[in-house]
Amino acid sequence: MKMAMILSILLLSCGIIIFEFRGSKDKKARKVIAGITFAAAGLSILLLFQPGLPGPTELVKLLFGRIDLIMK
């Protein structure tokens, strides 16, 4: 069951990359799109096996939480 979910996550990630590559001609933008998409896919697969791990919103809060307090 988990193998099917992993394959579907990877298939969706590849589909996103293919459709986004059509709209972008810049090589740097393509690298960024692929990197972010594969990082999100990796995190999804990791959360599939370890559901108790914090998600991406907690990571963003950890990285930028103090900046929000400084900017106020």
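**Surface patch and core**

Visitor: Which residues form a nonpolar patch on the surface, and with about how much accessible area together?

Guide: This is a predicted model, where local features need pLDDT of at least 70, side-chain atom pairs count only at pLDDT 80 or more, and totals for chains, interfaces and linings use all residues. Residues are numbered from 1 along each chain as its sequence is written, and side-chain values use heavy atoms, without hydrogens and water. A patch takes residues with over 30% relative accessible area and no salt bridge, nonpolar side chains (Val, Leu, Ile, Met, Phe, Trp, Tyr) being joined within 5 Å and like charges within 9 Å. Leu 59, Val 60, Leu 62, Leu 63, Phe 64, Ile 67 and Met 71 form the patch, with an accessible area (Shrake-Rupley, 1.4 Å probe) together of about 770 Å².

Visitor: Is Leu 62 buried or exposed?

Guide: Leu 62 lies in helix α3, residues 56-71 (a DSSP run of H or I, at least four residues). Buried means under 20% relative accessible area, exposed over 50%, and partly exposed in between. Because its relative accessibility is 67%, Leu 62 counts as exposed.

Visitor: Which element gives the most to the largest nonpolar core?

Guide: The largest core holds 5 residues: Ile 6, Ile 9, Ala 41, Ile 45 and Leu 48 (buried Ala, Val, Leu, Ile, Met, Phe, Trp, Tyr and Cys, joined through side-chain atoms within 4.5 Å). Two or more residues come from each of α1 (2-23) and α2 (27-49). With 3 residues, the element giving the most is α2.

Visitor: Which residues does Ser 13 touch, not counting those up to four places away in sequence?

Guide: Ser 13 is in helix α1 and counts as buried because its relative accessibility is 6%. With contact meaning heavy atoms within 4.5 Å, and residues up to four places away in sequence not counted, Ser 13 touches Thr 37 and Ala 41.

Key. Salt bridge = Lys/Arg side-chain N within 4 Å of Asp/Glu carboxyl O. Buried < 20%, exposed > 50% of the residue type's maximum accessible area, 1.4 Å probe, protein only.
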